[in-house]
Each structure stands twice: as structure tokens, then as C-alpha cells.
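Have the coordinates open as you read.

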Amino acid sequence: MSTLAPLPVVIPLSVAAILSALNKFLHRRISEALAVAATVATGVICGVLLLQSQAQPVIHWFGGWTPRAGVALGISFVIDPIGAGAAVFASLLVLAALVFSLHYFDTVGTLFHVLMLGFLGAMCGFTLTGDVFNLFVFFELMSASAFALCGYKVEEPESMQGALNFAVTNTVGAFLVLSGIALLYGRTGALNMAQIGRTLGGNLDGLVITAFVFIMAGFFIKAAVFPFHFWLADAHAVAPTPVCVLFSGIMVELGLYAVQRVYWTMFDGSFAAHRWDLRALLLTLGSITAVLGAVMCFGQRHIKRLLAFSTVSHVGLLTIGFGVLKAGALAGVTLYVLGHGLVKAALFLVAGLLLHRFGSVDELELHGRARDLRATGAVFFVAALGLAAMPGFATFRGESGIIDAAGSIGQGWVRAIFFISGVLTAGAVLRVWGRVFRGMGKGEEAETAGAKKINEGRETTQPSHGIPAVMFAPAFVLVLLAIALGMTPGIKHAARTAAMVMQDRASYQARVLEHAWIPVAPAQEEHTPMGKGLAWSFATTAAALLVAFLSLSRYWPSKHALTRPAAITVRGLRSIHSGHIGDYVAFLTFGVAAFGVVLAALVHFH
Amino acid sequence: MSFFPYVLAAWLFIIGLYGIVTSRNFVHLVICLAVLQSSTYVLLLSIGYRVGGVAPVFAGVKVGTPAVDPVVQALMLTDIVVEATVVALLLALALQLQKHTNTLDPDKLKALEG
């Protein structure tokens, strides 16, 4: 039992309450300082919990309601390294966003900070809890803060449309999760994940499959997996830039975190005999998401929307990592989330800098206008290389972990998906770099295959000259961290140990329900040959650079007969992303039904 | 315990989804979301229902008297609180949309395409 355990939720939420109560009396700088201090304190406490959880997961029962005879009536936090690590990472990104926004929102008081702290508290609770209904409540708290943050620029109609699309789809997802939880409770009479997992045992019938599909689909909506991904680009295009940092860097990934937590604690026993069915489904979904996101990413001119589709693509890769259902792959996913979150956050922060300086995030409109911002351009360029998972970045360590694990079960083909995603998403970002920071290619008259310009209002008041240090520093530090993390020796081993803790269902149940002391067994040292992965990774980076420079040159075959089908496909895909909430929910409904039918059929016929 | 409450829950879920997909007005759409949500109330309450059970207040009741499950009722109350927030927020967004674009029709919003 640790007295620190509740603090990552208590601190941000109580400071948020204090700030909103004293909104009128506090000077803006004081509220900002309080918000930053609360975030730092939360991050430090989560860091301490991360260290404590290395020996064995930290378990805290609220109100001392410990389980008796294997029955848990109370609510617990079960803090393992992956959960605590996610909470630390969330605090870090919130800190970066808060520092960046010191120059933001001069006129709107402190409500922005209140929402950010609410968001942080919800994310921490979400990652630390061991109770499935508690998970739902924090999910909803996280969503509600996110909806409000997304629609923060209330005077812009695009902003309202994006926020409504985001809110409606994600709320439907929350009801799916709740229905699934209700069914599980009906079957097992428990809400504690360990107890549900133990009671379900290896049972797999219609009700368990239905509950599983509802919960998975609900979290997949948050994770923006195809065909549930439509809201993501709309929400990112309109949300204030510091908020995008959190959406892409951690919130979407937390959707996948929940999927894995729920699977490994509750459903793994049920699917033990049907792992290959589940794998087939998840690898397919992940591959479609990765390729679709990458293609859509390359076809954008609105920089934030472009980065948003890149997130969709990388979530596809992470879904593949989950779908492998192996400790090595989960370790890879963990490192990939960190590496991707850091570079993606930096990219969004640079987009925010461009908006601050030039009042636009349109790639073509900004043609050549940021030539003087050399340092900013360098950060953008290096972050793009991280997106291509170049060796040296944490993304590379993650990618090789996932691909090696996939190869060990005979699914080495996923390397091709990583290649496509890396080339197109990093290629698109490098193209933006070439056009905006180097003045290459054409401006407004460039061929865009139907990409529309979206108006983006300024988020800052004074059109400044130059770049304020507090806006530049977070992006710079995040990119440095992404490289430092990739270079840290032993990080892969630590991630592997953490992944094995998360996947060890029997020990989880014994620790939670019987107070058993089962020390964490460190993972075995693994020496996989690096040569092939290194070569592929450099090839991906080189191909991304090539695609970027080709697309800016006059040799880009935009009207060639051979590339016509590709252009038509892109236009077709574009028309599906209609911005219409009815279409999105129709796709979502179809997706849930298809997911359920296919999974039930696979389980039934095998 | 009959199957009827579960059928009702499924029906509310589906009719809510149908309403959202076909809606031409954001206020109507948010209310459809509330209809969809009421399916979770029905589901939760029917899971906790016991035939012949009394309300889960145990003062002055003989030990062993069947009672309906109080846990799902607590879940439902939490659900109501959480969702009231979301619906209020959504209606506020719809209000702002009406203020700045003079329309609530999802079909007329074309800014975020492609």
C-alpha cells in the first residue's frame, strides 16, 4: 500500500477546482504558475510510483476496502510500470503544452488551465486504475475535458463542427464500453479486473464475445483505428495547437493502452485457444489503418490535419504491435508510443509556432515564408526523421521490437506496412519542411489533388517578430528526449520486463486478490541481429527523403497516366472523410457489427 | 426474469444510432445520443433486478431477504452524472454553432472535408 497512489489524480483535480473557483481573483501569471507546479508535482509522483513498481506493482485500496477470500468489493489502483510510465509521459506532455501556451490565450482567463489539469488527472486515473468501471469514469472525464479543449475557439464554426464530431463519436464509444462492462458484471458479478479475469477463466461464449467486442470497439474509437478514425483529423484540425500535442501524443495512445490492459487482465484466458483468430483480425485492422492514414496524410495541405492523419497511420502500426500478442511486441509498442509521442508533439508545437508567427498552417500559403527560422526548421526536420523511425530514435527501438516479435510468429510481412507508413508520413512532413522552411517547389499554384484549404484563426493576440523562447524550448527538448531515449542502453530490456508484468495474468490476479508478494522477474537478455532492421530503417528514411524531394520537384508525375489510378483512389478516400457526423456514426456502427460478426465467425468455425 | 428488458435496451441503442446517422439538426442529434444512453440505464437495471427482490435498504429487513443489486444502481447514477455533463457540453457547442453559422444542419457544414 502506498500513500502516494491517489495523488496523481487528487493533485491536478483539486488544483483545477481551486483555479476555477478563484478564476476572477488570481492574476493570470499566478494561475499559470500553479498549473505548471501541479503538473510537475504530478509527474514527479508518477515517477516515484514508476520506481516503486519496478519491484512489484503498487496496489492501493481506497478506504482500506481490501479483498477478502478473493472477492474485491473496494476500488483499487494497480500501478505497474507501463501504467505509471504512461502517467509520467502524460504529465511531461501536459507540461510541454502548458509552457508552450504561456504566450497563448491572452484574453481568456484561466479556464484553459483548469481543463488541462482535469485532462491530466483523468489520464493519470485512467492509467493507474485496476477497476473496470473506474476505467470508464476516468475515460469519460478525459473525454469531457478533451471535448471542451477541442472546441475552445468558440467563435470559429469549423471548431464547433470538429468538436461535435469528436464528442458524438467518442460518446457513442463510451456507451459501447459501458454496455460491455454491464454485460461482464452480469456474468461475473465483479468490477475488479483481476476478479473478472479469474471468474471468466477460459470461458468464451456469445456473451463474452459481445462484451469483448463492445469494450474493444469503444476504446478503438478513442484510439482512432479504422473504421473508427474519422473524428481524429477533424478534431486535430480545429483544436488549439497545445491541445493537439496531448491528443496525438498521449490521448489516442491511451485508447490502445486500455485495449491492452483490458485484454491482458480479463480476456486473455478466454481467447487462449483462439489467439490466431484475434491476431488475424487485429493485424488486418492495423494494416488498413496504417496504410489509409499514410495515404491521407500525404494528400493534405493543412499542416495540423496532415500530422493528424500521420497519427492515424502510426496508431495502425501500434495496433499491429498489440495484435502480435507477444511480450516483445508489447515492449516495442511501449517504446514506439514514447518515441512517436515525443516527435509528434514537437511537430505540432512547430505548427503552433508557424501559426503564431504567420497566422497560417497552410503548407502552400506558407511557401518559403519560414526561411529565416533556421533553428525551428532544424527541429521540424529532425522530428520528421524520427517519424520515419530512423536508427537513433526511440521509434526505431519500438519498431524493431514489434517487427522482431511479428517475425518470430511468422508474420514478418508487417515490415512492409511499417515501410509504407514511414515513407509516406515522414515524406509528407519532409515535403512540408522543404516547402515552408526552404522555399522549394511551388506555392499556391501547386497541384493538390483536391486538398482544400481550411481557415485557421490565430491563437495568439500580438503578431510578433521572431520566436519567443518559451514556445521554441518545449519542441527542442522533446526532440532531444526522443533521441536520448533511443540511445539509452537497457531501455528495451526495461520495456520488455514491463510488458511481461502487464501480460502476466496469473500473477496480476494473485497480487490483487490475495495480496501475494510476487517479485517481478526481469526479462531474459535477448540478442537479436540488428543488421536487417538497421538497413530497412535507413532505407525507409532515404525513401521518405526521396519522396519528399520528388514531390517538390517538377518531375512529380501528378498527371501521368500511370499515376492516375492513385490520384483517383486518393480522391475517393478523401470523399469518405466527409466531415459529416451522420456518415461517421454510420461507419462506426458498421465497424462494430463487422468486428463482432467476423470475430464470432472465426471463433465459431475454428 | 424475461428477455424483454434486454430487447428494449438493444432497441434503444439501435434507434439512437439510427437517429444520429439520419439527423438534420444538432439539437435533435444530441437528444438521440441521450436516447442511446438510456439503453445503458435499462441494461444496468435489468442486470441487477431480482424477481421479488426488495429495495436494497437493509434496515429492519430479515437476513436472507432477496434484494435487487445496489451496485448497478450506483453505476447508473454515476452514468447519469457523467452523461449530463457531456450532453450539456454538446448542447453548448451546438448553441455556438447556431450563433456563428446560423445553421444546425450537419449537411450544411462543409468546412472539414477530405
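With 32 C-beta neighbours inside 10 Å, A224(A) counts as buried (a residue is buried if 20 or more other C-beta atoms lie within 10 Å of its own, exposed if 12 or fewer, and partly exposed in between, with C-beta atoms placed from the backbone). A224(A) also has a positive phi of about 60°, although it is not a glycine. You'll find A224(A) in the loop between α8 and α9 of chain A (helices are DSSP runs of H or I with at least four residues, strands are runs of E with at least two, and both are numbered from the N terminus).

A word on the ground rules. This is a predicted model, in which local features need pLDDT of at least 70 and side-chain atom pairs count only at pLDDT 80 or more, while totals for chains, interfaces and linings use all residues. Residues are numbered from 1 along each chain as its sequence is written, and chains are lettered from A and ligands numbered from 1 in the order in which they are written.

Most residues other than glycine have a negative phi, and most peptide bonds are trans. The peptide bond from F226(A) to P227(A) is cis, with omega near -5°. P227(A) sits in the loop between α8 (206-223) and α9 (230-238) of chain A.

A69(A) is another non-glycine with a positive phi, this time about 55°. Its place is the loop between β1 (58-61) and β2 (76-79) of chain A. Is A69(A) buried or exposed? A69(A) is exposed, with 6 other C-beta atoms within 10 Å.

## α16 and α20 in chain A

Two packed helices are described by the angle between their axes and the distance between the axes. For helix α16 (residues 414-438) and helix α20 (residues 531-552) of chain A, the axes come within 7 Å and cross at roughly 40° (axes are lines fitted to C-alpha atoms, for helices over the stretch in contact, and angles run from 0 to 180 degrees between N-to-C directions). α16(A) and α20(A) are therefore oblique to each other (angles under 35 degrees count as roughly parallel, over 145 as roughly antiparallel, 65 to 115 as roughly perpendicular and the rest as oblique). Residues in the α16(A) side of the contact include F419(A), V423(A) and L430(A), and they meet a set in α20(A) that includes W536(A), L545(A) and F549(A) (two residues are in contact if their C-beta atoms, placed from the backbone, lie within 7 Å). By class, the contact of α16(A) with α20(A) has 12 nonpolar, 5 polar and 3 charged residues (Ala, Val, Leu, Ile, Met, Phe, Trp, Tyr, Cys and Pro count as nonpolar, Asp, Glu, Lys and Arg as charged, and the others, Gly among them, as polar).

α16(A) itself has 25 residues and reaches 34 Å from its first C-alpha to its last, close to the 36 Å expected at 1.5 Å a residue (the expected span is 1.5 Å times one less than the number of residues). Of those 25 residues, 20 are buried, so α16(A) is largely enclosed by the rest of the structure. G439(A) follows α16(A) and has a positive phi, near 70°.

Helix α2 (residues 28-52) of chain A and α4(A) have axes that come within 10 Å and cross at roughly 10°. α2(A) and α4(A) are therefore roughly parallel to each other. Among the residues in this contact are E32(A) and T39(A) of α2(A), plus M116(A) and L120(A) of α4(A). The residues of the contact of α2(A) with α4(A) divide into 7 nonpolar, 4 polar and 1 charged. α4(A) is mostly covered, with 17 of its 18 residues buried.

Helix α15 (residues 394-408) of chain A has 15 residues and reaches 21 Å from its first C-alpha to its last, close to the expected 21 Å. As 13 of the 15 residues are buried, α15(A) is largely enclosed by the rest of the structure. Just after α15(A), G410(A) takes a positive phi of about 80°.

## Where the chains meet

The contact takes 37 residues from chain B and 42 residues from chain A. On the chain B side, α1 (4-22), α2 (26-48) and α3 (70-101) each supply at least two residues. The largest share of that side, 15 residues, comes from α3(B). By class, the side of chain B that touches chain A has 23 nonpolar, 10 polar and 4 charged residues.
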